[in-house]
Structure formats: structure tokens, C-alpha cells
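Subject: Structure handover

Hello,

Here is the structure for your files. My notes on it follow below.

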Amino acid sequence: MKTLIIAEKPSVARDIANSLGKVPKNGDYFENDSYVVAAAQGHLVELVMPEEIDKKYSYWRLDNLPIIPETFQLKPIEKTKSRFQELKKLFSRKDIETVVNACDAGREGELIFTYINQLVKSRKPVKRLWMSSMTPAGIREAFARLRDGDEMTPLADAARCRSESDWLIGINGTRAVTKRMFGSRGGQAATVGRVQTPTLAIVMERERQIRGFKARTYYRLLADFEITQGGYQGVYQRPDFKKSDDEHDRADRIWERETAERILAILEKKPDADVTEERKRSQQSAPRLYDLTTLQREANNRFGYPAARTLQIAQSLYERYKVITYPRTDSKALPEDYVPVCKDTIENMDGALATHAKKALSEGYVKPNKRIFNNAQVSDHFAIIPTTETPKSLPENEAKIYDMIARRFIAAFYPNAQFDVTTRLSKVEEHVFKTEGKVLVEPGWLAVYGKSAAGDDDASTLVPLHQDDGDPARARTVNSEMCEEQTKPPPRYTEATLLSAMEGAGKLVEDDELAEAMKEKGLGTPATRANIIDHLVREKYLERERRDLIPTGKAELLLDFLQEVKADALTSPSLTGEWEHKLRQIEEGRLSRENFMREITGLTRDIVEKTKNFEETDENATETSIISPSDGKPMLENARRYKSQDGELSIYKVVGNRKLDEPEVQQLLNERRIGPLEGFRSKKGKPFSAILELNDENRIRFVFDNAAGDGNGEGEKIDFSKLEVVGICPKCGAKVYESVSAYICENSRSEDEAKKCDFRVSRKILGRDIDKAQIKKLLEERKTDLLPNFWSKKSKKPFSAHLILKDKGDIGFEFPPREKKKTAAKKAVKKTAKKE
């Protein structure tokens with residue numbers, strides 16, 4: 001009799017077959033006298049959709065909600081149905097005695113196998129293979145410790161509950177909210193879900209903070225001091241400063257101009273300063289080993305990789321190259337019995353890290369350490385570390401991620417880095433100025449990253465005090481400066497910072513027990529967070545602008561509506577916290593699957609009822625600045641639209657996945673036309689520009705031109721009489737007009753070949769909008785103002801430049817002179833200010 005082994009992917013099946021004595025291939029699977037090794041292709045089975053349960057659910061009607069099946073039925077996924085049928089035949093073979101679940105060791109891998117096993121109706125005993133390393137030795141070790149299938153029942157129950165609860169909330173919530181938000185307007189769907197919607201709410205909350213931010217002016221005072229050995233710069237420190245709830249308050253910020261000017265007047269007299277200083281030895285421990293979220297976050301910061309791309313690369317390093325351990329982990333620790341394994345791994349290190357690896361072993365750095373080896377902090381899997389396999393000829397992206405993992409692994413065992421930190425206070429009368437110097441004296445783990453005690457670029461040294469400076473020491477004030485600055489709003493989320501917010505969403509939850517679950521799991525899991533972000537982008541809730549993630553009008557409309565409906569369970573991170581906490585209890589056998597699903601069913605009914613019964617009334621509406629032409633009164637704003645008080649006029653707030661703001665709606669109502677406007681998104685998520693017009697029934701329609709043409713100067717005829725003149729063409733002397741997508745010469749559409757002109761300036765150049773005022777200046781003066789925020793395609797960095805007209809009328813860049821490099825003293829000041 002034989003054992004059937006089901007892996008999650010064909011590549012894993014191949015590795016298992018090779019590790020079990022090179023089991024020969026037989027078609028799409030591997031077989032010898034003892035084993036049949038076959039593979040799924042990820043998920044092969046899914047829950048049946050509502051329209052397959054009953055044809056009446058083919059139509060999205062509120063009356064048919066909620067949809068709550070008595071039992072959840074399964075079906076093969078259509079595109080991989082043939083693979084499922086192959087596995088079904090293997091399950092039914094009479095010579096198969098036992099089945100081994102070798103899918104990924106975690107909740108999702110358990111679900112993949114459980115659904116296959118259920119749909120093929122197998123009654124054969126099941127064993128569980130639990131792997132954390134894909135090396136031959138790691139696979140053979142896992143086979144020596146096969147788990148009994150019954151041990152995995154709690155994990156399988158949690159996996160089913162996750163899948164079925166997502167179905168209930170996703171299907172019912174999406175249908176209910178879509179019908180109430182968009183009614184019969186086709187082509188738009190408001191998808192909601194237990195993870196995606198609270199994640200979206202986090203991004204939207206940040207966007208509202210940015211919009212509502214009011215900058216405050218503050219002043220900083222800098223003073224240059226001279227002592228025997230040279231000069232240094234100090235930053236004024238407020239004597240009355242105390243930390244408060246004001247996140248923008250700092251010791252070096254003066255909020256009253258009069259106070260800053262009064263102190264500056266004293267400094268301008270160049271009095272001497274009394275100088276004292278304190279030197280301390282500080283230590284910095286090595287960063288902990290990587291979990292997936294930290295790896296994704298740092299790869300996004302360093303290389304700009306989206307989270308999904310980092311996961312893809314890490315999965316390749318694990319499965320194809322076998323040089324790292326299982327990457328889909330939320331742990332930063334290793335098992336306490338892993339010290340010998342780590343020594344073997346470090347011993348096999350070669351290349352650029354060989355020297356550091358040898359030192360770690362020769363100096364005895366690899367030893368028990370609770371920051372590294374801690375059973376209490378190991379979940380389904382341990383931290384991501386290299387395997388004993390030596391990488392050979394890795395592609396560039398894989399090499400970068402492997403180096404991050406391997407370097408972090410070796411550095412974790414090294415001693416702390418040590419710095420000498422000098423804090424110098426220069427007191428002018430009663431006013432204190434602070435200067436900090438920091439010198440690396442023992443590199444410790446920083447040596448693995450190429451840092452040394454001598455000549456370190458990050459060191460900010462201070463000229464030392466000398467006996468000639470007196471006792472107590474005195475310094476001469478030689479220069480002073482008052483800097484006027486403004487507070488800045490919080491930055492938009494990037495994938496890196498959003499991953500952190502998703503991982504640590506427990507801070508948004510008040511209940512301590514739920515927060516503990518969130519601390520470990522957060523919103524989503526390490527394996528799913530990247531897909532959640534990508535899904536929000538695909539559904540046009542978020543858009544990427546360089547590295548920033550920006551919520552769309554559709555996102556704002558959805559969250560405003562959910563707030564009106566009071567469907568807090570869909571927007572609050574506490575929903576995910578509660579679910580993750582209870583799913584964990586199911587995994588641990590402390591909560592029954594039946595109780596969990598009973599609660600989810602009740603929650604589903606509540607969401608549907610609140611959405612169905614919600615009534616948009618004037619009580620929920622707020623007055624706007626838009627004056628309606630129908631009654632001359634301010635229009636009202638509710639969750640979906642702007643509405644006149646006499647009920648005669650109604651304008652949807654979101655058109656083409658772009659929210660119309662109040663001044664735009666006012667202009668549209670007054671002139672019956674507005675534009676060209678940027679920022680619309682097609683059903684496929686592509687950006688476009690358009691003019692909006694109101695027809696006779698006060699319905700909005702899009703108006704396009706083809707200013708871009710087909711790339712050969714050909715395009716549809718444009719009615720220039722409806723466009724605004726912005727200047728005279730530098731090539732032919734004709735008029736230049738502002739169209740939807742560009743500023744174009746009227747002769748660009750001339751039928752007379754002798755007159756035809758190709759002058760055209762896009763409304764967006766290298767990611768930066770070019771406004772009408774700058775185009776007018778370019779045409780009149782042949783040069784714009786200095787424009788910031790162009791985005792270099794080569795360096796992936798922003799830059800500033802003037803747009804200029806060249807001799808033949810073509811467009812070019814003129815760059816400003818480079819700024820002189822800041823002195824080391826000013827760098828030190830900047831670092832000091834940052835720390836405070």
C-alpha cells in the first residue's frame with residue numbers, strides 16, 4: 001500500500017519527491033513503491049456563489065438579503081478544474097492507504113487541503129507534514145515528525161470559519177452597500193470586507209488629517225560659537241518646555257515671534273557663553289530577525305518594492321533557490337533548540353559575509369539569547385533566516401532580498417554598537433543653546449553593515465573644549481540666525497507605513513484582550529496584507545502616486561456612507577481584532593466553530609438590516625456653500641449627493657471615481673460646463689481627464705477631445721471655440737489653447753499640410769501638473785518659475801526645474817544651481833533637532 005502526499009504547488013511536490021529518495025515522475029505526479037507525490041495549484045476549491053445556490057440571487061436585490069446558506073457548498077475552481085479531477089482520481093485509488101497534507105504549514109494551507117479532501121469525499125486517514133525549511137534535510141526531518149490529522153482539526157475549523165465569515169460579510173455587505181450607494185447605476189460596485197474596509201478607513205483617516213491640517217508658524221534660533229579649537233553651532237532650547245499632547249511642540253520651537261526676536265537681539269550683541277558638557281556612552285542593539293511584514297516594509301523603503309513583489313521574491317528564495325526559511329511568518333524569534341542549526345548556517349556563509357560569519361563563530365557570539373531564541377514568540381513558523389544552502393547566481397532582485405535577510409541574521413548575534421554621545425550646553429545670559437556630538441567607538445553589529453569606528457559617515461563630531469577655554473569654559477558668540485518655519489501635516493501612507501499600521505492596528509482598539517490579539521495578527525496576516533493593499537488599488541479605492549497611497553473619491557464615498565449607516569463593524573479595526581482573537585481561540589481548541597459562526601451570522605444580519613433600513617433625510621444632511629439655481633438656497637450634502645432644498649436638483653458627489661468638490665459643483669451649475677478636470681478613473685482604473693457638462697435633464701456627461709492624437713499628429717477635430725486661449729505658438733504664431741489633456745496649437749488640427757504645427761505641451765510632465773499660469777508665462781517669457789516635484793524616471797526621486805522654450809520652440813528643462821554642501825556643524829544641528 002502507498003501514501004499519497006498532497007503539496008500546495010508543483011515545485012514543492014518535486015522537492016518532496018527528490019528528498020524521499022528521488023521518487024520518479026509519472027505524468028503530472030511522482031510515484032514509486034511507497035509514495036505518490038502530487039500537487040494542487042494553490043486553491044483548487046472554493047465556496048459556491050449565491051447565484052449557483054439559487055438563480056434569484058443572480059440579481060442584486062435588497063429584498064434577497066441577507067444570504068445565509070444552511071451549509072456552505074464547495075465546487076472546483078473553473079480554471080484549475082482539470083488539476084482537481086486528477087487529484088480526485090489519486091484519492092480514489094485502492095492502493096492508497098494514507099494521505100499526507102503537505103500544503104503550506106499555516107491556516108491557509110490547511111484550508112486548501114481540507115476543501116480538497118472534503119470535495120473528493122475521502123475517508124482515508126490523514127497525516128500532517130509541517131515544514132519550515134525546503135532543504136532536503138528540512139523536508140526529511142519534517143517527515144520524521146508527521147502529525148496526526150486529528151491534531152489539526154482546530155486549525156482546520158479556524159480556517160473554515162475565516163473563509164465562511166469572509167463570504168458572509170463580503171457577499172452580503174457588498175451587495176447591500178452597492179445597491180444603497182449606486183442604485184441602478186451600472187459599472188460600479190462598493191466591495192466591503194472584514195480586512196479591506198478597516199484598512200481603507202486607516203488610510204482615509206490620515207487623508208482627512210492632512211486635509212484638515214492647519215499649519216502653525218514657529219521660530220528656531222541658531223547661534224555659532226567659537227572656542228580655542230574651532231567653531232560649533234547650537235540650537236536654542238526653551239526653558240519651560242514640557243512634553244504635552246501637542247505633537248508639534250518641541251524644545252527648540254518658539255511659537256511667539258516677539259520672544260524669538262528679543263532673544264535674537266541679545267545674541268546680536270555677541271556676548272560670551274558659559275559652556276558645560278556631558279559625555280555618555282550609549283548602546284544600540286542589533287535589529288531583531290525579520291518577519292514578513294518587516295521585510296516588506298524595509299524593502300519598500302530601500303528599493304521601492306511593493307509588498308506583493310517582496311513576498312514574491314521571498315517565496316522564490318524559499319521554494320526555487322531554497323536559501324531561506326518559510327517567509328510567510330509573523331515571528332521574529334527562533335526555537336530555543338535552534339542554536340546548533342544557526343551555527344551550521346553561519347559556518348556555510350561565504351562571499352561578502354564570510355568574514356563576519358567567521359568572526360561570529362570564533363568569538364562565540366552564537367549562543368542562547370532570548371531576543372533571538374524564544375519559544376514563547378514562535379507562532380506557526382519562526383523568523384526568516386538563511387538555510388545551510390549556499391546561494392549561487394541569484395538574480396538581482398533575489399540577491400538584494402537575500403542579502404537583507406542574511407546580513408540581518410549574522411548581525412543579530414553581534415554585540416551592541418557603542419557610541420560616545422556628547423551634549424554641550426552654551427548659556428548666553430539665561431538662554432541655553434544645545435549641541436550634540438555622536439561618535440561610534442565600538443561598531444559591534446554595525447560592522448556587518450560596513451560601519452567602523454574610524455571615519456564613519458554618520459558620526460557628528462564636536463570640536464573639543466581646551467584648557468585655554470577657561471574653567472568654567474567660555475565661548476564667543478560669533479553669529480546668530482532666526483529661522484521661520486511651519487509645522488507639517490502627517491505624511492500620506494506608503495506601503496511600508498501602511499504595513500506597519502496594519503500590523504499594529506491593536507493601538508486603535510481600546511479592549512486590552514483584543515489588542516493583544518491584534519498585536520500578534522493585526523489587520524490580516526503577513527501572508528495576506530500585500531494582497532489586501534493590491535485589492536484596494538484594483539477596486540479603485542486607493543491609487544499609487546509614486547510611493548504614496550491615496551484614497552479615491554470612491555473610498556471617501558464608501559466610508560462616509562458606512563458612517564451614516566452606522567455600520568461601525570465594517571470600518572473599525574476592532575472587528576478584525578475580535579475575529580482574530582476568536583479564530584486564535586478556535587485554533588487552540590478554546591472556542592467552538594459553531595459559536596463563532598453563530599456570532600458572525602448575527603453580525604451579518606445586523607449590517608444588512610442597518611443598510612437596508614437607512615433613510616437619507618435632511619436631518620442627516622449638512623449645508624454646503626453651493627447655491628442651487630433652482631431655489632437660490634445653499635444645497636445640502638448627504639452621504640451620496642448634493643441636493644437642492646426644493647428637491648429639484650441632485651448631483652452625485654462622485655463621478656468617474658472622482659469626488660467633485662463644492663467650488664467645482666458650483667461652477668458646473670452656473671456655467672453648465674467645467675474643465676478640463678484631472679483625476680478621473682476608468683472602470684479599468686486608468687486615469688483620464690475630461691470636461692463635464694450638464695444636459696437638459698441636469699445629468700452629468702463627459703466631454704472628451706483627442707488632443708493627444710494617435711502619435712502621428714492625427715486626431716479628431718476639436719472645437720477650439722469652446723477652449724480658452726493661453727498664448728501664442730512659438731513655432732507658427734497661431735493661438736495656443738487649453739484642451740483636456742494638453743496645451744495645443746490650433747494649427748495642430750489644420751487640414752492644410754503647409755500650416756500644420758506640432759506644438760503641444762502635456763498638462764502633466766513627469767508626474768507634475770502644469771497649470772495655466774505657468775504655460776502663459778512660458779509662452780510670454782520663454783521660461784516658467786522654478787517648479788518643484790517633477791519625478792525622475794531614472795533616479796526615482798523628485799527634482800525642481802524651470803520649463804523653457806528652446807530656439808526651435810521645443811520644450812526643455814533648466815536646472816537651478818546646486819546648493820553648497822552643508823557644514824558638518826549644521827548636519828549635527830539637524831540631527832539634534834530630529835532627536836528632540
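On the scale used here, buried is under 20% relative accessible area, exposed is over 50% and partly exposed is in between, with a 1.4 Å probe and protein chains only. Arg782 has a positive phi of about 70° although it is not a glycine. Its loop runs between α22 (772-781) and β33 (787-791). Helices here are DSSP runs of H or I with at least four residues, strands are runs of E with at least two, and both are numbered from the N terminus.

Before the rest, the conventions. This is a predicted model, in which local features need pLDDT of at least 70 and side-chain atom pairs count only at pLDDT 80 or more, while totals for chains, interfaces and linings use all residues. Residues are numbered from 1 along each chain as its sequence is written, and side-chain values use heavy atoms, with hydrogens and water left out.

Backbone

Lys121 also has a positive phi, of about 60°, and is not a glycine. It sits in the loop between α4 (107-119) and β8 (126-128), and at 70% relative accessibility it counts as exposed.

There are cis peptide bonds to check as well. The bond from Leu65 to Pro66 is cis, with omega near 0°; Pro66 belongs to the loop between α2 (50-53) and β6 (74-76). The bond from Asp471 to Pro472 is cis too, with omega near 5°, and Pro472 is in the loop between β14 (431-442) and β15 (473-486).

Cores

A nonpolar core is taken as a set of buried Ala, Val, Leu, Ile, Met, Phe, Trp, Tyr and Cys residues joined through side-chain atoms within 4.5 Å. The largest one has 83 residues, and Ile116, Leu498, Leu558 and Phe596 have the most contacts inside it. Helix α6 (residues 153-182) gives the most to this core, with eleven residues. Another core lies apart from it and has 69 residues, including Val37, Ile384, Tyr402 and Phe419.

With contact meaning heavy atoms within 4.5 Å, and neighbours within four places in sequence left aside, Ile116 touches Ala40, Leu44, Val45, Phe84, Leu87 and Phe91.

Helices

α6 packs against helix α20 (residues 593-613) at an angle of about 5°, with the axes 9 Å apart. Axes are lines fitted to C-alpha atoms, for helices over the stretch in contact, and angles run from 0 to 180 degrees between N-to-C directions. The two helices are therefore roughly parallel, a label for angles under 35 degrees. Among the residues that meet are Cys161, Leu168 and Ile169 in α6, and Phe596, Ile600 and Leu603 in α20.

In helix α11 (residues 339-347), the buried residues are Val339, Cys342, Thr345 and Ile346. Seen down the axis, they fall within an arc of 120°, so they line one face of the helix; the arc is that of the directions from the helix axis to the C-beta atoms. Their cover includes α12 (354-362) and α13 (396-413). Cys342 is at 0% relative accessibility.

Cysteines

A search of the whole structure finds zero disulfides, a disulfide being a pair of cysteine sulfur atoms within 2.5 Å. For Cys161, the nearest cysteine sulfur is that of Cys103, 19 Å away. Cys161 is buried, with a relative accessible area of 0%.

Regards

Terms used: Parallel < 35°, antiparallel > 145°, perpendicular 65-115°, else oblique.
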